[in-house]
Amino acid sequence: MPIILPDLPYSYDALEPFIDARTVEVHHAKHHRAYVEKTNAALQGTGWEEKSIEDIIAHLDQLPEEKRMAVRNNGGGVLNHNIYWTIMGPAGAPEPSGELKKAIDSTFGDFATFRSQFTQAALTQFGSGWAW
């Protein structure tokens, strides 16, 4: 089965006022869809058409060399968006808890320091500023 555009786990307006409905719609219905379509096109004839995007990206070095760049760029966009939609939600917590909080506190000292360093990493990232 080719890679498919997943449904969002919430409505386009569910993230307002942080992200407006139109922005969510454009990112899902246009950008994410384009990554899916371009990845499927790049995979045609490679024998990788039935693999998951996670498996494809994890084994990128096994794809035909002439396909790798297109699959890396577009397949990476698919995977990033798949993660993006599932780590956000309308009932999100203002700060992490449990094991994630412990790991952040252990590494950064506190959530405010983590947030500051993470924001700086995103703002200085070439491209669209994705950091994770």
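Let's start with the pocket: helix α5 gives the most to the lining of the largest pocket, five residues. Helices here are DSSP runs (H or I, at least four residues), numbered from the N terminus. A word on the source: this is a predicted model, where local features need pLDDT of at least 70, side-chain atom pairs count only at pLDDT 80 or more, and totals for chains, interfaces and linings use all residues. Residues are numbered from 1 along each chain as its sequence is written, and side-chain values use heavy atoms, without hydrogens and water.

Back to the pocket. About 1200 Å³ of space lies in it. A volume is the space filled by probe spheres set on grid points, joined across faces, edges and corners. A pocket is an open set of points on a 1 Å grid over the protein atoms alone, where a 1.4 Å probe fits, with protein on both sides within 12 Å along at least five of seven lines; lining residues have an atom within 4 Å of a point.

α3 (65-87), α4 and α5 each supply at least two lining residues.

Take Phe118, in α5. Is Phe118 buried, exposed or partly exposed? Partly exposed, because its relative accessibility is 33% (buried is under 20%, exposed over 50%, partly exposed in between, with a 1.4 Å probe and protein chains only).

Now the neighbour. Ile104, Asp105 and Phe108 in α4 meet Phe111, Thr113, Phe114 and Gln117 in α5, with contact meaning heavy atoms within 4.5 Å.
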